[in-house]
Amino acid sequence: MSRCYLCPRKCGTDRSVNKGYCGCTDRIRVAKAYLHKWEEPCISGTRGSGTIFFSGCPLKCVYCQNYEISCEMKGKDITVQRLAEIIKETADKGPHNINFVTGTHYVPQIIAALDICKKDIHIPIVFNCGGYELESTLEMLRGYVDIFIPDFKYFDPQIALKYSNTPDYFEYASKAVRKMADMTGEPQFDENGIMKKGVIVRHMIIPHCRHDSEKILDSLSDMKDVILLSLMSQYTPFYKAKGYKELSHRLSTYEYEKVLDTAQALGFRGYMQERTSAKEEYTPDFDLCGI
């Protein structure tokens, strides 16, 4: 990691001595490991998803609900060996999968940890990310990851620039989703409806951006048979969002239903959130549990 090019920022930072754009050095920083019961039904199931939250993020969205760990860097530094132990300890609790959240900037360390413990892990590995990914970094995960859950946040470069400083977001996210689908193939499930392989694309609708949402869905419509769509209504004005008038309130029912109508008209399969999901209590308490 002497010159880091793991994400599209390509900041080139020597992370052995400095922090990259993501806010991280080469030391793994983890905020929480626990059984997450609020992922999509095919991920959390009845036993939960063995979720490991990494600190730092290449995106730094102004409305991030996990800002305590993505931007304020709450968490604990651990070694690769300890990450392998956490993976094994979490798997021993009986989840349906191991779920790495925001691990793009730690892909080499995640691979190293899995090399240590994967022989003892007999459940799917999930890579849960912001969608702003490099195909070359995703390729490193071939043979390690069974399920990808990327966000797909923006179509319009001006919106992406304003809220995440990523005018090239759509360029990278659209390529990344296709790369993920190529790596996993079509969604596969066990006899209980729990996902074994595949891609779930998450899209959280942002207030006053429903037309951008509809453009994203249209851009993905040719993939409707090889991905699942998770349409999310949980937007809550966290972090710096209240400094933007248009982001300072929750999503309207009208906006959500218009985007949902588009998704249904385009023939997507997948999940929709209840409107009651837009609550602060759905955001994890990053208390270093399991670390």
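**Chatting through a predicted model**

Biologist: Where does T262 lie?
Modeller: T262 lies in helix 9, residues 253-266. Helices are DSSP runs of H or I with at least four residues, strands are runs of E with at least two, and both are numbered from the N terminus.

Biologist: What are we looking at, and how are residues numbered?
Modeller: It's a predicted model, where local features need pLDDT of at least 70 and side-chain atom pairs pLDDT 80 or more, while totals for chains, interfaces and linings use all residues. Residues count from 1 along each chain as its sequence is written, and side-chain values use heavy atoms, with hydrogens and water left out.

Biologist: Back to T262, what does it touch?
Modeller: Leaving aside residues up to four places away in sequence, T262 touches E214 and L217. A contact means heavy atoms within 4.5 Å.

Biologist: And which side chain does T262's side chain make a polar contact with?
Modeller: That of E214, at 3.5 Å. A polar contact is a pair of N or O atoms within 3.5 Å; within protein, one must be able to donate a hydrogen and the other to accept it, and sequence neighbours count only if both atoms are side-chain atoms.

Biologist: New topic: how many aromatic pairs are there?
Modeller: The whole structure has 16. Phe, Tyr and Trp (six-membered) rings pair if their centres lie within 6.5 Å; planes under 30 degrees apart are stacked, over 60 edge-to-face, the rest tilted. One of them is Y132 with Y172, edge-to-face at 5.8 Å centre to centre and 85° between the planes.

Biologist: Where do Y132 and Y172 sit?
Modeller: Y132 is in the loop between strand 5 and helix 5, and Y172 is in helix 7 (residues 169-184), so the pair links parts of the chain 40 residues apart.

Biologist: Is Y132 buried or exposed?
Modeller: Y132 is buried, at 3% relative accessible area, and Y172 counts as buried too, at 16%. Buried is under 20%, exposed over 50%, partly exposed in between (1.4 Å probe, protein chains only).

Biologist: Which residues do ring pairs link into a cluster?
Modeller: Y132, F152, Y154, F155, Y169, F170 and Y172.
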